[in-house]
Amino acid sequence: MSAAIDTFRLDGRLALVTGASSGLGRHFARTLAEAGARLAVAARRADRLASLVDELRGQGHDAFAVPMDVTDPASVAEAFDAIARREAGAAPDIVVNNAGVAVGRPVLEQTPADWDSVIDTNLKGAWLVSQEAARRLTGVQRPGAIVNIASITGERVAGGVAPYCASKAGLLQLTKGLALELARHGIRVN
């Protein structure tokens with residue numbers, strides 16, 4: 001185990017990672033598990049979550065999957081309900097909002113459906129999950145941490161991904177707004 005992981009142990013903590021079925025989400029899940037957190041991994045692709053859970057459990061980590069579509073408020077609430085059922089009413093005290101999509105086409109070829117898909121997943125989804133996490137944490141009077149995964153395109157643009165750039169710029173401001181409001185409840189948002 002690395003010295004950094006030893007320094008920042010998360011034993012006894014319950015973490016939720018959205019978009020954990022691939023890429024950075026899988027990486028964040030592995031890192032949190034190595035640091036000792038119990039782990040709920042969430043995404044729409046249940047088969048890929050199952051393989052991640054099998055991998056983590058095979059390494060001796062406590063991990064389970066919850067299906068979640070971050071764009072659907074009912075799906076988000078159901079995932080948090082499933083976590084609470086498994087964890088004796090507990091809410092995740094660490095949430096990593098990683099779920100994200102991009103559409104890579106020139107702006108003149110993008111459609112309103114492209115815009116909606118990206119904004120709903122990357123911005124609205126982070127808001128829905130953060131809001132539900134904060135409601136659950138304040139309900140059990142526990143502090144917590146919410147980490148929103150942004151992108152350099154939130155500050156610097158790139159061609160062919162205008163909706164993605166807009167969603168990540170919005171996520172930066174959403175993070176600041178959530179941090180301001182939730183600090184009084186002991187919930188840190190970065």
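**Reading the salt bridges**

Guide: Start with Arg105, which is partly exposed at 32% relative accessibility. Buried is under 20% relative accessible area, exposed is over 50%, and partly exposed lies in between (1.4 Å probe, protein chains only). This is a predicted model: local features need pLDDT of at least 70, side-chain atom pairs count only at pLDDT 80 or more, and totals for chains, interfaces and linings use all residues. Residues are numbered from 1 along each chain as its sequence is written, and side-chain values use heavy atoms, with hydrogens and water left out.

Visitor: Which residue does Arg105 meet in a salt bridge?

Guide: Side chains of opposite charge can pair when their charged atoms come close. A salt bridge puts a side-chain nitrogen of Lys or Arg within 4 Å of a carboxyl oxygen of Asp or Glu. Here Arg105 meets Asp114, at 2.3 Å from N to O. Asp114 is buried, at 11%.

Visitor: Which residues are joined into one network?

Guide: Arg38, Asp62, Arg86 and Glu87, through salt bridges that share partners.

Visitor: How many salt bridges are there in the whole structure?

Guide: Eleven. One of them joins Glu55 and Arg26, at 3.6 Å from N to O. Glu55 sits in helix α3 (residues 46-58) and Arg26 in helix α2 (residues 23-34), 29 residues apart. Helices are DSSP runs (H or I, at least four residues) and strands are too (E, at least two), numbered from the N terminus.

Visitor: Is Arg26 buried or exposed?

Guide: Arg26 is buried, at 12% relative accessibility. Glu55 is partly exposed, at 24%.
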